[in-house]
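Here's a walk through one structure, from a pair of strands to a ligand site and a handful of salt bridges. Have a look at the model first, then read on.

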Amino acid sequence: MKKILVTGGSGFIGSHVVRLLVNKYPNYLIVNLDKLTYAGNPENLSDIEKNSNYRFVKMDITNEKAIFKLFEEYKFDGVIHLAAESHVDRSIANPNEFIFTNIVGTLNLLNAARSIWKEGSGHNVFYHISTDEVYGSLDEEGFFYEDTPYDPRSPYSASKASSDHIVRAYYHTFGLPIKLSNCSNNYGSHQFPEKLIPLVINNIKNQKPLPVYGKGENIRDWLWVEDHARAIDTIYHNGKIGETYNIGGHNEWTNIDLIHLLCNVMDHKLGNQTGHSKKLITFVKDRAGHDMRYAIDATKIKKDLGWQPSVTFEQGLEKTVDWYLENQQWLKNVTSGAYLKYYNEQYNY
Ligand code: NAD
Ligand code: DAU
């Protein structure tokens, strides 16, 4: 039985990756290691938690001793590393946790993998999941390619860039069998409602203001989370050791256009008159150092590995809106307590 460690499997993307692997590979043991921060929710995996090929371990990747012990115990064949502090606004409010988790945590996992994988074992993979934000900010033209120089501009993206460099250094220096991917903005079910799309859906449902940073002209390239999970499965199994793959939806939207679209979809679903939800749009102070535009060129993964998005944005968004409307209890559970405190501090409402 192949043993694969997925870190951050109780978070947004991680839970989709764990679900896909557990269901698709009954002969793999999938071990989900997660600290269960505010963003980690065991409820995200309630549908597969009783499967015999799934295990959950509550652990902090910054705890070096515990990580080494776990690797000794399980002797993992592979690692898919998603655990991270992931929200840019939180990294501006409090950068420290991003440095500990995203850099030191990654280093601990690399060292632990190195300690159990003897040279030449052939089948091991350390797969590090990263972001397009490491490439910086684009003007109106151009795309991020795999060889675009790094230019991170927030504490979050700087911590991810740093961990990417360390992962590559372990390949070049120690021959650790690594793979890396840098993905654009994900959307879909189970995303914590501090991120734009679920925040807007949740606020429209509750008739709260829709906070637009600056003029809403910043551009993001959106990909359905289940397509990202499929790309991760493809790269883990078929990607080349030492290589990086960019993943994106070729789907650029200004924030304001995206919010208008969401307002229309929500008005339709809730039986409101068109234009009802747009009245909630509120322009607020811009994010500090707000990157203008992200856009991924995903030619390499399409050409070399045959991956491509399976849904259009309209289809993915509709599935997403339906999921949040059908899972109001999930939203209520995650928006109590700590979330409310963060939300009030961030938006000053
Ligand atoms: P998320 O915040 O929803 O989930 C992160 C998970 O990591 C949570 O379950 C949390 O409990 C866990 N975690 C945090 N600190 C930990 C620690 N010290 N030890 C163990 N577990 C810890 O994040 P996400 O949006 O699912 O992102 C997952 C990964 O994908 C991150 O590495 C992120 O940088 C990357 N990524 C995200 C996006 C996106 O649009 N969300 C796009 C590209 C790449
Ligand atoms: O590009 C990949 C990245 O996408 C990931 O690495 C990050 O983990 C993920 O959080 C996401 O980062 P963004 O900063 O792009 O996502 P966020 O949802 O926070 O914001 C999307 C855009 O919407 C951004 O331009 C800021 C803007 N925004 C966001 C919020 C939360 C608003 O205008 N208002 C808001 O309230």
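## Strands, ligand and salt bridges

Ser-181 sits opposite Tyr-245 of strand S10. That pairing is a handy way into this model, which is a predicted one. The two strands involved are S6 (residues 178-183) and S10, and they run in the parallel sense, paired over four bridges.

Which way do the residues of S10 point? Strand S10 covers residues 244-247, with Thr-244 and Asn-246 pointing one way and Tyr-245 and Ile-247 the other way. In a regular strand, side chains alternate between the two faces of the sheet. As for cover, Thr-244, Tyr-245, Asn-246 and Ile-247 are all buried.

**Around the ligand**

Now to ligand 1. There are 29 residues around it, and the ones that come nearest are Ile-13, Asp-34, Ser-86, Tyr-156 and Lys-160. By type, the shell splits into twelve nonpolar, twelve polar and five charged residues.

Where in the fold do these residues come from? Helix H1 (12-24), strand S5 (125-131), helix H5 (155-174) and strand S7 (185-187) each put at least two residues into the shell. Strand S5 gives the most, with three residues.

The backbone gets involved too. A backbone N or O atom of Ile-13 is 2.8 Å from an oxygen atom of ligand 1, and Thr-37 brings a backbone N or O atom to 3.0 Å from a ligand oxygen atom. How much of the ligand does the protein cover? On its own, ligand 1 has 830 Å² of accessible area, and the protein covers 96% of that.

**Salt bridges**

How many salt bridges does the structure hold? The count is 13. Here are three of them, with the N to O distance for each pair.

| Pair | Distance |
|---|---|
| Glu-72 and Lys-75 | 2.7 Å |
| Arg-293 and Glu-252 | 2.7 Å |
| Lys-269 and Asp-322 | 2.9 Å |

Take the pair Arg-293 and Glu-252, whose side chains meet in a salt bridge. Arg-293 is in the loop between strand S12 (281-284) and helix H9 (299-305), while Glu-252 is in strand S11 (residues 252-254), so this pair links distant parts of the chain, 41 residues apart. Is each partner buried or partly exposed? Arg-293 counts as buried because its relative accessible area is 5%, under the 20% cut-off. Glu-252, at 33% relative accessibility, is partly exposed.

Next up are Lys-269 and Asp-322, whose side chains also meet in a salt bridge. Lys-269 lies in helix H8 (residues 255-270) and Asp-322 in helix H10 (residues 313-326), so the pair ties together parts 53 residues apart in sequence. Lys-269 is partly exposed, with a relative accessible area of 29%, and Asp-322 is partly exposed at 25%.

That leaves Glu-72 and Lys-75, which form a salt bridge with their closest N and O atoms 2.7 Å apart. Glu-72 has 44% relative accessibility, so Glu-72 counts as partly exposed. Lys-75 is partly exposed as well, at 43% relative accessibility.

Terms used
Residues are numbered from 1 along each chain as its sequence is written. Chains are lettered from A and ligands numbered from 1 in the order in which they are written. This is a predicted model: local features need pLDDT of at least 70, side-chain atom pairs count only at pLDDT 80 or more; totals for chains, interfaces and linings use all residues. Side-chain values use heavy atoms; hydrogens and water are left out. A residue is near a molecule or strand if one of its heavy atoms lies within 4 Å of it. A polar contact is a pair of N or O atoms within 3.5 Å; within protein, one must be able to donate a hydrogen and the other to accept it, and residues adjacent in sequence count only if both atoms are side-chain atoms. Accessible areas come from the Shrake-Rupley method with a 1.4 Å probe; for residues, only the protein chains shown count as cover. Ala, Val, Leu, Ile, Met, Phe, Trp, Tyr, Cys and Pro count as nonpolar, Asp, Glu, Lys and Arg as charged, and the others, Gly among them, as polar. A salt bridge is a side-chain nitrogen of Lys or Arg within 4 Å of a carboxyl oxygen of Asp or Glu. Buried means under 20% relative accessible area, exposed over 50%, partly exposed in between (1.4 Å probe, protein chains only). Two strands pair if DSSP finds at least two bridges between them.
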